[in-house]
Amino acid sequence: MLGRVFLARVLEPGDEVGGRWVRERGVVEVVRRLREGGRALPGASEKRWAGLCARAVKADPQRDLAAARSAGARFVIPGTAEWPGQLDDLGDARPLGLWVRGGPSLRMWALRSVAVVGARACTEYGAHMAATLAAGLAERGWVVVSGGAYGVDGAAHRGALGAGGATAAVLACGVDRPYPPGHTALITRIAEQGLVVGELPPGDHPTPSRFVLRNRVIAALTRGTVVVEAAYRSGSLVTARAARRLGRHVMGVPGPATSALSAGVHELLRGDAVLVGDAAEVVELVGAMGELPPERRGPVLPTDLLEPRTRRTLAGLPGRGTATAAEVARSAQTTEDDATARLYELRALGYVERHGDGWKLTRQAMISIRGGRSPC
């Protein structure tokens, strides 16, 4: 534990060279070599090794653990009961450990979790879709995972919390330093009702590269990633690509074809991402066998309930004016006697009325027939 806390302070997140050292030589040996500051380990230049050794001099795992305890956080490491096994799919880029604020078990929550990510400067449509998706997932018992940022991330967290569900924020800084500052109240609430997770030790600040590397944890931790809005250079596409490499489901919510904020999502959908429009369609992909969305169909009109030949007789009447039974029969491709019988049936149902020798559609019929059509 102390060795991994030490290394978390010295090595940057996602350092595959450092991960290989830990895998091949063990935590204790790597810590010893860094503390001694002797010959560089394989794969590190002299300059980089000197920089790591300088960091090692100032690293104090006991101080980091004390800071974490005061913030209500714990350090979860591989091999313990709370460690999510799916993070091992990252190989040598696997986190050395994760700092966790919140009561629930990270491992149990990760087993049934979905990432909802997207643009920071999202549109109202993007915020609405993120919140609606997150609320629907939460109501179905899924944990919504995101990055705690402005825009789509914040909307997803709020949607899950508003539905009384579970959400987890994976930060690119110390879990005791909510970022962005404008989301301090939101991240505090997540820590109280859910989980706040991060690789960096207490007090560490975010950098652009740390945001990018954080995204691999979001992708690995969850069963699938949903991208709501993303421009071509959006960091959320990094999460989607990491999810694809790890064999997770990648999903996208389409937006207007003219929106630059949806261009990255549309590019994903042109590839092997799956288009989703609501939580039921997300669960169909990431859930267990048989968790299917309801059948999608338009509204059922009253005329849909008519027997097919009666429906053809109704269609044989003109939109305006009257027609004789013989004229209706020709249009409906039936006999005059059959048409007459069905016209009387339609009159009993309120669809037609008789005017002398002619028959005419009622107002009810006009509304019913046109109910499923656009006025254009």
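Q: Which residues count as nonpolar, which as charged and which as polar?
A: Ala, Val, Leu, Ile, Met, Phe, Trp, Tyr, Cys and Pro count as nonpolar, Asp, Glu, Lys and Arg as charged, and the others, Gly among them, as polar. Keep that in mind for this model, which is predicted.

Q: How do you know how the lining of the second largest cavity divides into nonpolar, polar and charged residues?
A: Sort the names. Pro13, Leu98, Val170, Leu171, Ala172, Leu200 and Val217 are on the lining, and their residue types count as nonpolar. Gly198 also lines this cavity, and Gly counts as polar. Glu199, Arg210 and Arg214 complete the lining, with Glu and Arg counting as charged. The division is therefore seven nonpolar, one polar and three charged.

Q: What makes H10 stand out in the lining of the second largest cavity?
A: Strand E5 (167-171) and H10 each supply at least two residues, but the largest share, three residues, comes from H10. The space in this cavity is about 70 Å³.

Q: How do you know whether helix H16 (residues 336-348) reaches the span expected for its number of residues?
A: The expected span is 1.5 Å times one less than the number of residues. H16 has 13 residues, for which 18 Å is expected, and its first and last C-alpha are 18 Å apart, so the helix is close to expectation.

Q: What makes Ala339, Arg342, Leu343 and Leu346 of H16 buried, and why are they placed on one side?
A: Buried means under 20% relative accessible area, and these four residues of H16 are buried. They cover an arc of only 110° around the axis, which puts them on the same side of H16. The buried residues pack against helix H14 (308-315), helix H15 (325-332), strand E11 (352-355) and strand E12 (358-361).

Q: Why are Asp337 and Ala348 called exposed?
A: The word is used for over 50% relative accessible area, and Asp337 and Ala348, on the other side of H16, are exposed.

Methods. Residues numbered from 1 in each chain as written. Predicted model: local features only at pLDDT ≥ 70, side-chain atom pairs only at ≥ 80, totals over all residues. Heavy atoms only, no water. Buried < 20%, exposed > 50% of the residue type's maximum accessible area, 1.4 Å probe, protein only. Arc of directions from axis to C-beta. Contact = heavy atoms within 4.5 Å. 1 Å grid on protein atoms, 1.4 Å probe; cavity = no way out; pocket = protein on both sides within 12 Å on 5 of 7 lines; lining within 4 Å. Points joined across faces, edges and corners; volume = space filled by probe spheres on them.
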